[in-house]
Amino acid sequence: MWNFQRLGLELAPDSTEQPVKRNVYVAQAPLLSIQSLSVNFGSNSVVRDLSFDVRAGQTVAIVGESGSGKSITSLSIMRLVHTMNAEITGGRIVFQGDSGAVDLVAQSEKAMRRIRGKDIAMIFQEPMTSLNPVYSIGNQIVEVLRLHENHTRASAREEAVRLLKLVRLSDAESLLKRYPHQLSGGMRQRVMIAMALACKPKVLVADEPTTALDVTIQSQILTIMRDLQREMGMAVIFITHDMGVVAEVADQVVVMREGVKVEEAPVSELFARPQHPYTKALLAAVPKLGSMSGTDLPRIDPLVVMAGDETRSVGTSRVQDTARTGEQPIVEVTDLVTRFNVNKGFFGGVSHRVHAVENVSFSIYPGETLALVGESGSGKSTIGRTLQLLQESTSGDIRFSGKAVADMTRAEKMRLRQQVQYVFQDPFASLDPRKTVGFSIAEPIYTHSLLTGKKAVQKRVEELLERVGLSPDKADRYPHEFSGGQRQRISIARALASRPKLIIADEALSALDVSIQAQIINLMMDLQQEEGLAYLFISHDMAVVEKMSHRVAVMHLGQIVEMGPRRAVFESPAHSYTRRLLSAVPVADPARRTDRPLIEGDIPSPVRAIGDEPERLILQEVAKDHFASIEMQ
Amino acid sequence: MTTVQTRSDTLKRFKNLEFILGVLLVGGITLAVVITHWLFPDSGTQVNLTQRLVPPMTEPGIWLGTDALGRDILGRAILGGEISLKVGVYSALGAVILGIVMGLISGYYGGFVDVFVMRFADVQLALPFILLAITFIAVIGGGLTNMIILLIVSQWVQYARLVRGSVLSLRDQEFILSARAIGVHDIRILFQHLLPNLIGPVIVLMTLNVANNILLESSLTFLGLGVDPTIPSWGGMLAEGRTYLQTAWWLSVFPGLAILLTVLGLNLLGDWLRDILDPTGRTSL
């Protein structure tokens, strides 16, 4: 029953018949040549003396962490930096147009308008906001076509259908009449690509085009982009922070740090023999899927950091044997169901329900990390919020240390809120911007009256700040004075303040740069070791999950399809969805790059009509402690 | 780096200037009103029919001219400030407090409370102000206190709507969820986390409303619904001067100027307060 069709996904017929043509460049002038480009924000220099070339048919990836100036570089090529209040202060961007070489920096705004979209097109990160919500898809594509090429309305429509088919969107005709909100994120990003390709640009600038998407959809988009590039012979400038994606798509890689290019090399060269210490540190920080093969327990690894011109390892390697599975579980969840009513009918009746969580059962032991993995809409965050009592469950039984939540008094629920803490995804939104971080960290202490006296609280706050690796005198600063990684440390300090037994980390590492992510992973594992914490680690990132967790539960459409020890799930996945998820993860190793077949279809929606109940999955023990739902092939 | 520093320095200096100007204007006017009322309670009420409609700066001792009954405009303007400031400031403050409480409760709890409060607000918005005013004054009578109550009743709705809207967008933000996850009491979430994050636009609206209220007081007085028309107020003076606008401009210009300077001062103070309350230092709205 659980085959690909049921999942709404299927493998496309093999699209790998064409020979792979890579690294074949004709010796000619580069299509686009960036020569000592400098960009300033006011007087702040954000890009300094940047040079690189892009040739026809080549993919150049620009990688770097936040603040490295990679997005500003892409906007400079489009000459759109002024929208960010920045300006190009020096250098040339030489583009080989049809009428010879032109310097884009020196072009008039009018001339640039002709080049944008026609010769150089761009796709942005956020597919949700880069399409205009009040126009139909067809309207928007036709507009682009008529703007740049001599199309009649009818011929533009035909061309639009062709373009949508090009990005492998089935049913293109009816798609033209639909509006952006009726499409999923992956479909919208494909429409964006179709629009970018409308005028057969010579250069496509893609700024983090897959960052906001789930892994299977990301894999889909990357495959489509690669095939189209091959068919059309475009040059692609691919901006990303994800080394896995780089390894997957790039021919040439430019590594940027704080506005400066630190290294440029062909992709295989860069991964095999990184030269600059920053590149080495960056590559070391990237969690690699499969790096934990052959080990049963999670392991804390030393951090590789830059020290002048060298890299240095900090910390030691240690096996994280903290799970006390013999004891009574902290949390036991049995048959948890959470549904939301939607689409209220005309007379207020409920016509549909979101089946966010369906019959989920699991338990978490002291000192253990249980990872919940799944794609968007799988219900993993809803489980976290239900456990934290932020969300009412529809039915099911939740027990904390043996006591059912349903039977708890007000005081016992309050105590629960002390013992279970939540760390949110977005470090920029999870701290009150109007309160000092000291206040935020002290809030749980005051709320649960854990300490008395201002002095004692202040001392504890300083202790906590130190515990998460921040200077204790920073307590009277406000959140906006800290970087994303520091803020996430503060969130962790706030969670630790009430001496919890369980911390629910809801995508807590997803918004962070890889090097910061590596530090926070080590911090969380250290804290687990020292304080005996249990984690419910909610994530979509398989590589991070592999590194951190003792046990893994894979969720799909609100149900657990597979659950077991981390090693068993990653090394011998029993369910087809787990295998799909694992195969979609980009591997940060260009040598292992394969032309994988296109994964078709979208993530199905958990919204169902009343009466159309999802089928309950039965989990079967496939190996010791390793459960998976039975599939009929 | 250095110019960024100097830019923020100029910005800071500008903010200080804003504060100083605001304090000077509002403080000066308030002080003048209080002192004059205390020292010369009669100024501006003495009728002198031999000196009717004297233009400003033409006769010794009459700086800003006299009105149709020969009363000193300067004296009346200072005396009139008392009613105008009281009505403007008290009614705006009352409306803000009522509006914030209703908006917070309605936005945060939603459901039945929200429906009730907001439909009530809609009904009230649908009633024309003059109709409401006439009914209200007819039932409970005129006078300063009743007029302030009337203005509060008619104006809390806009604050409630503004606050409710902000609460709806803040309510699902992670820092509010995070406070709930810790077990922070609702009252503290409302007043410690939500209120400071939405107060900026409320302050701006309030400073604008003070001016509006000063003018509303005059129209009500003009209609005979407000304060005793023999007691001077800025709005009342404006209304009186209207008939002489082409022959004696000073009758309406000086009370108008008084309103303008007060409102300007309050706006400057309001902007300063809004920015001081925002630790990120970015200007909003």
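In this predicted model, Val246(A) touches Ala61(A), Val63(A), Thr240(A), Val253(A) and Val267(A), leaving aside residues up to four places away in sequence. Val246(A) is also one of the residues that touch the most other members of the largest nonpolar core, a set of 178 residues.

**Nonpolar cores**

- Besides Val246(A), the members of the largest core that touch the most others are Ile141(A), Ala194(A), Val203(A), Ile237(A), Leu536(A) and Val554(A).
- The element that gives the most to this core is helix H6 of chain A, residues 185–197, with 8 residues.
- A separate second core holds 57 residues, among them Val26(B), Ile100(B), Met147(B) and Val210(B).
- As background, nonpolar side chains tend to be buried together in soluble globular proteins.

**Chain A as a whole**

- Chain A contains 19 helices and 27 strands.
- Its radius of gyration is 26 Å, close to the 26 Å that the globule rule gives for 633 residues, so chain A is as compact as a globular protein of that length.
- The C-alpha trace of chain A spans about 75 × 60 × 50 Å along its principal axes.
- Of the 633 residues in chain A, 47% are buried.
- Among contacts in chain A with a separation of 6 or more, 71% join residues 24 or more positions apart.

**A hairpin in chain A**

- Strand E9 (residues 252–257) and strand E10 (residues 260–266) of chain A pair in the antiparallel sense, over 6 bridges.
- One of the residues bridged between these strands is Val255(A), whose partner in E10(A) is Glu263(A).
- E9(A) and E10(A) form a hairpin with 2 residues between them.
- In the turn, Glu258(A) has a positive phi of about 50°.

**Contact between chains A and B**

- Chain A contributes 23 residues to the contact and chain B contributes 18 residues.
- On the chain A side, helix H12 (410–419) and helix H13 (437–447) each supply at least two of the residues that touch chain B.
- By type, the chain A residues on this side divide into 9 nonpolar, 9 polar and 5 charged.

**An annotated region of chain B**

- An unreviewed UniProt entry lists residues 81–270 of chain B as "domain: ABC transmembrane type-1".
- Over residues 81–270, chain B is 84% helix and 0% strand.
- The end C-alpha atoms of this stretch of chain B are 20 Å apart.

Notes: Residues are numbered from 1 along each chain as its sequence is written. Chains are lettered from A and ligands numbered from 1 in the order in which they are written. This is a predicted model: local features need pLDDT of at least 70, side-chain atom pairs count only at pLDDT 80 or more; totals for chains, interfaces and linings use all residues. A nonpolar core is a set of buried Ala, Val, Leu, Ile, Met, Phe, Trp, Tyr and Cys residues joined through C-beta atoms within 7 Å. A residue is buried if 20 or more other C-beta atoms lie within 10 Å of its own, exposed if 12 or fewer, and partly exposed in between; C-beta atoms are placed from the backbone. Helices (H or I, at least four residues) and strands (E, at least two) are DSSP runs, numbered from the N terminus. Two residues are in contact if their C-beta atoms, placed from the backbone, lie within 7 Å. UniProt positions are given in the numbering used here, feature names are shortened, and annotations may be inferred rather than shown by experiment. Two strands pair if DSSP finds at least two bridges between them. Ala, Val, Leu, Ile, Met, Phe, Trp, Tyr, Cys and Pro count as nonpolar, Asp, Glu, Lys and Arg as charged, and the others, Gly among them, as polar. The radius of gyration is taken over C-alpha atoms; the globule rule is 2.2 Å times the number of residues to the power 0.38.
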